[in-house]
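Hi everyone, thanks for coming.

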Amino acid sequence: MARAKIDVQQIGWSEAILKAIKIGTTELGSELVTNGTFDSDSSNWTLESDWSHSNGKLVKAAGDSDVYATITQTVSGVQANSLYLLEFTISDTVSAGNMLISLGGTNPSTSPVAVGSDGNGTYRQLLKAGGTTLSIATIGTATALSIDNI
């Protein structure tokens, strides 16, 4: 996750979104997520019971009773009201729906990232920081997928 160098306080939220959408022309800061590649383990992440580490990825198994299965990390260097670009890769999708993502919110975002049943691929989500906790939640007990390269 990298910080986009856009000052929301100076130009306003709507204009900041428009600027950030042009990511190709926006300078991004350094990577802030720790162990987003999960090469050897899931250190620095908190996994709810239906998440596990396997083969260099985090794996969400279907069938658990948790409708919002969440992984979280406290991210250093986050500044409130700044915009951050979160990129992640979904693979091994058996069943998927939506994912809710937030950065410092008390609940995951209300703008879900749609990950369909053939949802393998790389996704990007623009987040406005309200704090330092990154939360990524799958929706639905039948969701089964892997996540990597956060």
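Let me start with a term: a polar contact is a pair of N or O atoms within 3.5 Å; within protein, one must be able to donate a hydrogen and the other to accept it, and residues adjacent in sequence count only if both atoms are side-chain atoms.

Before going on, a word on what you see. This is a predicted model, where local features need pLDDT of at least 70 and side-chain atom pairs count only at pLDDT 80 or more, while totals for chains, interfaces and linings use all residues. Residues are numbered from 1 along each chain as its sequence is written, and side-chain values use heavy atoms, with hydrogens and water left out.

Now the overall layout. The chain has two helices and twelve strands; these are DSSP runs numbered from the N terminus, with helices being H or I of at least four residues and strands being E of at least two. Along the sequence, the pattern reads β-α-α-β-β-β-β-β-β-β-β-β-β-β. Of the 150 residues, 42% count as buried, and by that I mean under 20% relative accessible area, with exposed being over 50% and partly exposed in between (1.4 Å probe, protein chains only).

Back to asparagine 35 for a moment. It is found in the loop between strand 2 (28-31) and strand 3 (46-47). Leaving aside neighbours within four places in sequence, asparagine 35 is in contact (heavy atoms within 4.5 Å) with Asp41, Ser42, Ser43, Asn44 and Trp45.

What about the inside? The largest nonpolar core has 27 residues, and those with the most contacts inside it are Phe88, Leu134, Ile136, Ile147 and Ile150. Such a core is a set of buried Ala, Val, Leu, Ile, Met, Phe, Trp, Tyr and Cys residues joined through side-chain atoms within 4.5 Å. Which strand gives the most to this core? That is strand 7, with four residues. In soluble globular proteins, nonpolar side chains tend to be buried together.

Let's turn to charges. Side chains of opposite charge can pair when their charged atoms come close. How many salt bridges does a search of the whole structure find? The search finds three, where a salt bridge is a side-chain nitrogen of Lys or Arg within 4 Å of a carboxyl oxygen of Asp or Glu.

One joins aspartate 50 and lysine 60, at 3.8 Å from N to O. The two are ten residues apart, with aspartate 50 in the loop between strand 3 and strand 4 (51-54) and lysine 60 in strand 5. Buried or exposed, where does lysine 60 fall? Lysine 60 counts as buried, because its relative accessibility is 1%. Aspartate 50 is buried too, at 5%. A polar atom of the lysine 60 side chain also lies 2.9 Å from the backbone oxygen of threonine 143.

Another bridge pairs aspartate 92 with lysine 57, at 3.1 Å. Aspartate 92 sits in strand 7 and lysine 57 in strand 5, 35 residues apart.

Glutamate 87 and arginine 124 meet at 2.7 Å. Glutamate 87 is in strand 7 and arginine 124 in strand 10, so this pair ties together parts 37 residues apart in sequence. Arginine 124 is exposed, at 52%, whereas glutamate 87 is partly exposed, at 32%.
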